[in-house]
Structures are given as structure tokens and as C-alpha cells.
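Have a look at the model, and then we'll walk through it piece by piece.

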Amino acid sequence: MSRERHILGVSGGRDSAALAVYMRQHHPTLPVEYFFTDTGKELPEVYEFLDRLEGFLGKPIARLNPDRDFDFWLSEYGNFLPSPRTRWCTRQLKLRPLEHWLRDDLESGTVVHSYVAIRSDEPSREGYQSTHPNMKVHLPLRDAGIDRAGVLEILSQAEVGEPAYYSWRSRSGCTFCFYQQKIEWVRLAEHHPERFKEAVAYEKTALNDGSPFTWTQGESLTELINPKRVEQIKLDYEQRRERLRRSRRINPLSARTPDSVDEAYGIDEDAGGCVICHK
Ligand code: SF4
């Protein structure tokens, strides 16, 4: 008789947390295994949020740690920082531990049902299709017509709330994620100065070793954190936020004041990321 497993990846972000709550509420008898792939470079707020979510779910979220850490892979890649073009971080620190966790079961015929947090208001996206014939991907939020507002409602009603980092940063994921906006690097320096320093140190080593990539496009973090540059980034951010606010006033259907960094920037919150990192 073939075995079955039901898995749900929690990223530390809103959507996957709402999906976990939804599955607990609507399929309480399904033996869902919740997991989190831990790169070792997560924000402290992520762990606090996972603890809170575990409290609601009433069961542990398995922490999948990579067999080799960020520093190992960084050295393997010649100290070149991960970047949108060479995204070794996702491959080695997020996908590889998951593959290790499932490989034996998939190969021995176990059907793995994977529940993925794609909302009903999102365009179709690649990256969450099944990668193995025994892996079946399900999109319960989309199937139930749950959009962004629905996600917020689920989290609020369950009293799980949101991760604290949403007050200054709009994506889940690693502390140093290169997808973050310049204003978010500035805020990382304000909220977690030690982590910012660590990012600067990684970048200096990378540049010394000939890496063409800095963490953020077009400048190093040392340049970005120069007080004059910080002032400019904050000003750009406020101006863009104001432009967006004005354009939204014109459109009565979207009159809400933006409440997150990406919203304020008018940036598609899902652009460029991947399901396993940012949902
Ligand atoms: S969150 Fe960013 S840095 Fe972390 S694994 Fe994903 S893409 Fe890489």
C-alpha cells in the first residue's frame, strides 16, 4: 500500500502562515507536517513569529537545517555573494534541505502532498510546480478564493498576527536578502546594526575576491550607509510614497494609504522572489 505525506512549508511570511492556520481550521484531522527551511541567516523576528504560529497549530514546525551552512557555500562559490543571477542561496540553503527531507520517501513511492500558499489574487507563477511524479502540489488559498485581505483576516482572527519585521520590511526571508530595497537595508542597519555589520563584512570579502555583485545594485553597503546617502534614500522613499498616495487618491477603488515598504514603493511584493523564501 502506498504511503502518503502532507507537507506545508512555512517561510516566516504572511501567506504561508495563513495557509497553515487555514489547514488547521479546515482540515484538522489531516496529518500535516509543517516545516521551515532555516538558512541560519534569518531575522530574529522570524523565529518569534514561528514560535507564535506553533502555539496556534499545537504542533512543532520542523526546522530543516542545511547540512552545510551559508559560510560553507559562500566559500564554495568563491566568496561571490548570491544575487538574482546566481541565486545559490535558495538552491543550497532552502531547496536542498527539503530535497534531503523528502528524497527517500519520494523514491520509495510515497505520495507527498505539498500545500503551497498562492493566493487567489496572484498571477500564475512558476516555481511551485511538482518536481517529482510522486509530489502533488495543492493551492488551498487560491482554491478557496482567499486573497491578500483574506490572509490578513485569517491571521488576525487566529490571533497569530504578523511577523514584527513587517513594520520595517516587506518580505520574509534572509537577513541579507539581495531582493530587499535600499530603504530596507537602511532599516536593517537601524533595527539590527550587528546584522548589518555582518553583511558589510561579507560584502567586503566578496569584493576583495573579485565578486561582481554587491548586496544591493550599483553601490556597496559601505557607500549606502553614508549619512548623506541615507538621507537621500529616505527622501526618495518619502517622495515616492507621496506620489503613490496622490495617485491612489485619484483612484477611489484603491484609496488606502500604503502601509508597508513595498506598497509604499508601489512594488509588486512578489516580484523576483520565490515561493519557498518569501511567501
Ligand atoms: S530569502 Fe533571499 S537571500 Fe534568502 S534564500 Fe531566498 S533569495 Fe536567497
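Start with the ligand: the space it takes up is the largest cavity. On a 1 Å grid over the protein atoms alone, a cavity is a set of points where a 1.4 Å probe fits but cannot get out, and a molecule sits in one if more than half of its atoms lie within 2 Å of its grid points.

Before going further, a word on the source: this is a predicted model, where local features need pLDDT of at least 70, side-chain atom pairs count only at pLDDT 80 or more, and totals for chains, interfaces and linings use all residues. Residues are numbered from 1 along each chain as its sequence is written, and side-chain values use heavy atoms, with hydrogens and water left out.

**Around the ligand**

Which residues surround the ligand? They are Arg87, Cys89, Thr90, Lys94, Gly173, Cys174, Cys177, Phe178, Tyr179, Cys277 and His278, where being near means having a heavy atom within 4 Å. By class, this shell has six nonpolar, three polar and two charged residues; Ala, Val, Leu, Ile, Met, Phe, Trp, Tyr, Cys and Pro count as nonpolar, Asp, Glu, Lys and Arg as charged, and the others, Gly among them, as polar. Helices H4 (88-107) and H12 (275-278) each supply at least two residues of the shell, and the largest share, three residues, comes from H4.

**The chain as a whole**

The chain has 12 helices and five strands, which are DSSP runs numbered from the N terminus (helices: H or I, at least four residues; strands: E, at least two). Of its 279 residues, 51% count as buried, meaning under 20% relative accessible area with a 1.4 Å probe and protein chains only, while exposed is over 50% and partly exposed is in between. Among contacts with a separation of 6 or more, 70% join residues 24 or more positions apart; a contact means heavy atoms within 4.5 Å.

How confident is the predictor? Mean pLDDT (confidence in each residue, from 0 to 100) is 88 for the chain, and 87% of the residues reach 70 or more. Over residues 254-271, though, pLDDT stays under 50, and the model has 48 contacts beyond four places in sequence for that stretch.

| Residue | Relative accessible area | Class |
|---|---|---|
| Asn79 | 18% | buried |
| Glu159 | 71% | exposed |
| Asp236 | 33% | partly exposed |
| Gly58 | 64% | exposed |

Asn79 sits in the loop between helix H3 (70-76) and H4. Its phi is positive, about 65°, although it is not a glycine. Glu159, in the loop between helix H6 (148-157) and helix H7 (182-191), also isn't a glycine and has a positive phi of about 60°.

Gly58 is in the loop between helix H2 (44-57) and strand E3 (62-64). Gly58 and Arg24 are 34 residues apart in sequence and 9.2 Å apart in space, C-alpha to C-alpha.

Asp236 belongs to helix H10 (residues 227-250). Asp236 and Ile183 are separated by 53 residues in sequence and by 9.0 Å in space, C-alpha to C-alpha. Ile183 is one of the buried residues of H7, along with Glu184, Trp185, Val186, Arg187, Leu188 and Ala189. H7 is mostly covered, with seven of its 10 residues buried.

Definitions and conventions. On a 1 Å grid over the protein atoms alone, a cavity is a set of points where a 1.4 Å probe fits but cannot get out, and a pocket is an open set with protein on both sides within 12 Å along at least five of seven lines; lining residues have an atom within 4 Å of a point. pLDDT is the predictor's confidence in each residue, from 0 to 100.
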